[in-house]
Amino acid sequence: MLDVVILGQLATVVLGAGAPGASAAVTWARAAVPAVVPAQDSVERARAVHLLNRIAYGPRPGDVELVLRTGVDRFLELQLRPEDIPDSAAAAYLARLDVLRMSARELGRVYLEQQRARRARQRDSAMAPRRAPTPPTGMRRYLGEFQQAVVARAVLSERQLYEVMVDFWTNHFNVFLGKGIDRFLLPSYIEGIIRPRALGKFEDLLIATARSPAMLFYLDNAQSVAPGAEPPQLRRLRERRRMSPMRMERRARADSMLARLERRMPRGLNENYARELLELHTLGVDGGYSQDDIIDVARILTGWGIDRRDGGVEFAFREWAHDRDAKVVLGRTFRAGRGMDEGVELLRFLARHPSTMRFVSAKLCERFVSDRPPDGCIDAGAHAWARTGGDIREVVRAILTSPEFWAPEHRGAKVKTPLEFVASAVRAVGGAPDTTLALAQVVGRLGQPLYLEPAPTGYPEHEEDWVNAGALLQRFNVALAIAAGRAPGVALPAASPIAITTDYDRLVDQVNRVILQHGASAHTVTVMRLQAAEITSASLARTLLIGLALGSAEFQRQ
Amino acid sequence: MCDRSIDRRLFVKAGGLALVSLGIDPIFLTRAAYAGRRPRSGGRGKTLVCVFQRGAVDGLSMIVPHGESRYYEERPRIAVARPGRANGALDLDGHFGFHPALAPLHPLYRSGGLAVVHAVGSPDATRSHFDAQDYMETGTPGRKSTRDGWLNRHMAHARDHRDTPFRGVAIGPRMPRALRGAAPALAIDDLRAFGLRGRPGARDRLTAAFEEMYAGATTGLLATSSEEAFEAVRMLRAADPARRSPAHGAEYPASPFGRAMRQIASLIASDLGVEIAFADVGGWDTHVNQGAADGQLAARLNDLALTLAAFAQDLGEGMADVTVLTMSEFGRTIAENGNGGTDHGHGTAMLVLGGATRGGRVYGRWPTLEVAQRFEGRDLAVTTDFRDLFSEVLVKHLGGTDPSAVFPGYVADRRRWLGLL
C-alpha cells in the first residue's frame with residue numbers, strides 16, 4: 001500500500017556503506033554539536049502560525065509570510081467572508097468530479113439500478129459460493145469522488161475557515177453514508193443543506209437538516225408516526241379488499257400487497273431523532289431536558305417524513321401521521337392541531353435556547369481553542385449568539401477574537417484528526433491531490449473514512465479518540481511516504497520548497513522552518529541532525545528529514 | 001527531563017543503531033530495558049475472542065429447530081431437512097440440529113466444548129443493520145450516542161491485567177465500535193505489515209529514528225501511545241507470531257475469516273497478553289437464494305465452522321483459557337420470502353466455545369415459532385437479552401466485576417444468566 005521503496009535505498013546507505021565503527025564515531029561527533037536555536041520568532045509570526053493551524057488546514061510554504069503581509073487580524077476578517085475569496089484552484093480540481101454535477105435523483109437512479117443488478121446476479125448464481133467483491137462500479141466511484149472532494153477542498157481551497165466550518169457542521173449534523181438510501185442522499189445533503197448555511201444562521205441550518213431526507217432517514221424520523229395512525233393508501237386498499245368481490249388470484253395478489261405494506265408500515269413513535277436533536281444538535285446532554293421532553297419532541301415531529309417517487313426522495317409532511325394533541329417541551333406548550341408549524345416553532349425555540357447557545361459555542365471552542373475549552377471563549381460565543389440571533393459568522397468571530405483563542409497555552413495544544421493530518425502534511429510540502437481518488441482513502445486508512453462515522457455524534461474532536469499506538473505507526477508510514485513522493489494520491493511540486501544542500505545543519509533548519517514553522521523542539525532538532533548525519537546522499541537525507549518532521553510529535557499537534 | 005532524554009537516546013543509539021551496524025541483534029537488549037517497567041503478569045491470563053457475523057445470520061437455519069413442524073411449513077424451499085434425511089441437520093438434542101455445513105463443529109459440541117444459545121438478541125426492535133450492530137457493539141440497545149464499545153469499557157473498568165499493548169486487538173483495517181474508547185487497543189490488518197513499512201533493515205532503522213524522536217520530546221498521550229507503539233513493534237518482532245504455523249495439524253480456510261482467526265491464534269499462542277480479540281465475518285444478509293443444505297448460507301456457515309474448528313485445534317490445550325463468542329445484530333424472518341431468502345428479523349442464535357464452556361447443550365428459553373409467540377407476529381422472539389450472555393462471559397471468563405458499568409442502563413442480574421460457563 002504505502003510501500004516506501006526509497007527506504008530500501010536508505011537501508012543501503014545507512015547499513016551497507018562505510019565502516020560501522022566510523023559511522024558510530026560520526027554519530028557521536030555530531031551529537032556533540034549544540035542545536036542551533038532558531039531565531040526568535042516575532043509575536044506576529046507565532047500568531048500567524050497559530051491562526052493557520054486552527055482556522056485552516058495548516059500553512060503551505062509561503063502562507064505565513066502571506067498572512068504577515070496581509071496582517072493577521074485582517075486575514076482572519078477576510079476568511080470570515082469566504083464569498084469574497086476567489087477559489088479557482090479548488091474549483092478547477094472539483095470540476096472533474098462528476099458526482100458534484102449530479103442531482104440526488106440521478107444518483108438515486110444509479111444506486112437503484114445497481115441494487116437491482118446485484119439482486120439479479122444473486123438470483124442467477126443461486127448455488128455459487130459468495131464471490132469476491134466486484135471492482136468499483138458507478139456508485140462506488142461517485143462516492144469515492146465525494147470523499148475525495150473533502151480532502152481536495154481541505155488542501156486546495158483558499159476559503160480555509162469556511163471548509164473548516166463545513167467539516168464542523170458535517171460532524172455536528174452527522175449522517176452516515178453507509179445506511180441504505182443515505183448512500184445517494186448524502187451528497188445533496190452536504191452540498192445543498194450544510195455548505196450553503198455553514199456561516200449563516202444556526203436556526204436556518206437546524207431547520208434545513210431537520211427536513212432533509214438524509215437526516216429524516218438516518219435518524220428514523222421518517223418512521224415515526226402518531227400511535228395508531230395509518231396511511232390512507234393502506235386504509236383504501238383494505239376497504240377495497242373487503243368490499244369488492246375478487247377472483248382468487250387477484251385476491252391473493254391484493255393480500256400479499258397488503259401484507260407487504262403492513263410489514264413496511266411504520267408503527268408508533270420513533271424517538272431517535274428527537275433524542276439526538278436535543279442531545280447532540282441543540283441543548284446538549286446536560287441541557288436540562290427529560291425523557292418526557294424527548295417524547296413530546298418526537299410527537300411534534302410526527303409527519304416529518306419522506307416521499308419516494310420515481311427515483312427521487314423528497315421531504316413530505318404527512319398529515320395522517322401527525323399527532324394532533326397538544327405537547328409540552330421544556331415547560332412550553334405547543335398548541336394542538338397546527339401540523340408542520342409546530343415543528344418549525346420547536347426548532348426555532350431550540351435554536352434560541354440558552355442551553356443550545358452554550359452547548360454549540362462550547363463545541364466550536366473545542367474545535368478552535370482546546371479539547372477542554374475555558375469558559376471565557378464559550379461565553380464570548382454564547383453572547384454573540386444571543387446578540388445576533390445565532391449568526392454563526394458572528395459566533396465564530398467572537399471565539400476567534402477572544403483572548404482564550406490567542407492564549408499561548410492553547411497554541412499547539414490540539415492533536416490533528418486524520419483529515420487534518422493528511423491535509424496539513426500535503427499542504428506543508430506544497431503538494432496537491434493528484435487526479436486519482438486515493439488521498440481520501442489515505443485519510444480513511446488512518447481511521448477517519450469520510451462520511452462513514454455511523455454514530456450521530458460525528459467524528460470526535462478529542463485527542464483520546466485519535467491518538468493510539470496503531471494510528472501513530474500509520475501516521476509515520478504516511479509521513480515517510482509523502483516525503484518520498486510515494487504516497488498514493490499526492491502530487492508533489494516540481495520544485496521542492498526545501499533546497500538540497502550538503503550542509504545538513506542548514507537542511508535541518510530548512511525543514512524546521514518550512515514543515516514545522518520553527519516549532520521543532522531542541523530534542524527533535526538533535527535527533528534529525530543525528531539521523532541525517534548517517535546518510536551520504538543529500539537528497540535521501542532531505543527525504544528522511546521531511547518524513548521525520550511530518551511524523552514528529554510537533555506536527556501531530558496544531 | 002533533559003537527562004532522561006539523553007540517557008534514553010544514548011541507550012537507543014547504542015543499543016539499536018550502533019549494534020545493528022555491528023551485526024549484533026539488539027532485541028534482547030531493548031527488551032531488557034523495558035522489563036520491569038510494566039507488570040508482566042496480572043489478570044487471569046484469559047482471552048475472549050468475539051466473532052461478529054455482520055449482516056444478520058439466519059439463526060433458524062444455523063441452529064435448526066427440526067423438532068418443530070412450523071419451521072418446515074414456513075420454509076418450503078429453504079428449510080434444512082430433519083436429521084437422518086438426505087442433507088439433514090446434525091442433531092444436537094432431539095429438537096435442534098446444526099446446519100450440515102457446521103459439521104466440523106459437531107465433534108466439539110458432542111465433547112462438551114461448544115454451547116449454543118438460541119432466541120438471543122437485542123431488546124431493541126430495530127431491523128436496521130447499522131442501528132442493531134451499533135447497539136450490540138456499544139452494548140446500549142436503543143441508545144445511539146454511546147461513543148465507546150462494551151469491550152473497551154470492560155478494559156477500562158477491569159484494570160487488573162498485565163499491561164501490554166496487545167490487551168485488546170481487532171483484526172481488520174479499522175477499530176470496530178466494540179473496541180473503541182478510552183482504553184488503548186490495536187487494530188491490526190495484517191501481522192506481517194504492522195509497524196513501519198519497507199525492507200527489514202530500513203524499517204528497523206526508521207523505527208528507531210522515530211522512537212528516538214518521540215523519546216524525549218513528547219508528553220501526554222502522544223508519549224504513552226508512541227511508547228506502546230514501539231513496544232508493540234518490538235514484541236511482535238521478538239515473538240514473530242506471523243511466522244508461526246498452526247499447531248496440531250490445524251488447517252484454516254483461505255478465507256478472510258480464516259486468516260483473521262489464524263492471526264488471533266498466533267497472537268494468543270505467542271503469549272503477548274491478549275485479553276480481547278475481535279474478528280468480523282460477513283455475508284449473512286441472505287435476502288435472495290439463501291439455499292438450504294447447499295447454497296450461499298451453507299458456504300458461509302462452512303467457512304465459519306471450518307475456521308472455528310481449526311482455531312480450537314490450533315490452540316489445543318490453550319483453549320482452556322480461551323472463550324470464543326459469536327454474535328450477530330439480529331436474526332431473520334421465520335418465513336422465507338418470494339426470492340428464496342429471508343428478510344430482517346429479530347432473535348437469532350449465538351455460539352460459545354472454549355475450555356470452560358459447559359457445552360453440548362442448547363441454552364435459552366425457546367419461544368417456539370407459533371404465531372402468537374412471535375415478535376411482532378412474524379419473527380423469532382428474543383428470550384435472552386444479549387447483555388445477559390455477554391455479562392456472564394465477562395464475569396465468569398474474564399473475571400469482570402461490574403457488568404452494569406460495562407452495559408450502562410442495564411441491571412445485571414445473575415438469575416437471568418444461562419449458566420453456560
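Let me start with a helix pair: H24(A) and H27(A) cross in a right-handed way, where right-handed means that the near helix is turned clockwise from the far one by less than a right angle, and left-handed means anticlockwise. Helices here are DSSP runs (H or I, at least four residues), strands are runs of E with at least two, and both are numbered from the N terminus.

A word on the source: this is a predicted model, in which local features need pLDDT of at least 70 and side-chain atom pairs count only at pLDDT 80 or more, while totals for chains, interfaces and linings use all residues. Residues are numbered from 1 along each chain as its sequence is written, chains are lettered from A and ligands numbered from 1 in the order in which they are written, and side-chain values use heavy atoms, with hydrogens and water left out.

Back to our pair. Helix H24 (residues 469-483) and helix H27 (residues 538-551), both of chain A, pack at about 145° with axes 8 Å apart. The axes are lines fitted to C-alpha atoms over the stretch in contact, with angles from 0 to 180 degrees between N-to-C directions. Which residues of H24(A) and H27(A) make the contact? On H24(A) they are A:Phe476, A:Ala479, A:Leu480, A:Ile482 and A:Ala483, and on H27(A) they are A:Thr543, A:Ile546, A:Gly547, A:Leu550 and A:Gly551. Contact means heavy atoms within 4.5 Å.

Next, the cores. A nonpolar core is a set of buried Ala, Val, Leu, Ile, Met, Phe, Trp, Tyr and Cys residues joined through side-chain atoms within 4.5 Å. Buried is under 20% relative accessible area, exposed is over 50%, and partly exposed is in between, using a 1.4 Å probe and protein chains only. The largest core has 243 residues, and A:Met165, A:Trp169, A:Phe368, A:Ile515, B:Phe166 and B:Phe311 touch the most other members. Apart from that one lies another core, of 36 residues, including B:Val120 and B:Leu389. Beyond four places in sequence, A:Trp169 is in contact with A:Ile194, A:Ala198, A:Phe202, A:Leu205, A:Val360 and A:Ile392.

Now the cysteines. How many disulfides does a search of the whole structure find? Zero, over all chains, taking a disulfide as two cysteine sulfur atoms within 2.5 Å. For A:Cys377, the nearest cysteine sulfur is that of A:Cys365, 3.4 Å away. A:Cys377 is buried at 0% relative accessible area, and B:Cys50 is buried at 0% too.

Over to chain B, which has 13 helices and twelve strands. Of its 421 residues, 63% are buried. One to look at is B:Asp131, in helix H6 (residues 129-138). Is B:Asp131 buried or exposed? Buried, with a relative accessible area of 2%. Leaving out residues up to four places away in sequence, B:Asp131 touches A:Lys179, A:Asp220, B:Thr126 and B:Lys144.

Last, some backbone. Most residues other than glycine have a negative phi. B:Asn289, though, has a positive phi of about 45°; it sits in the loop between strand S8 (276-281) and helix H11 (296-315) of chain B and is buried at 18%. B:Thr368 has a positive phi near 70°, lies in the loop between strands S11 (362-363) and S12 (384-385) of chain B, and is partly exposed at 25%.
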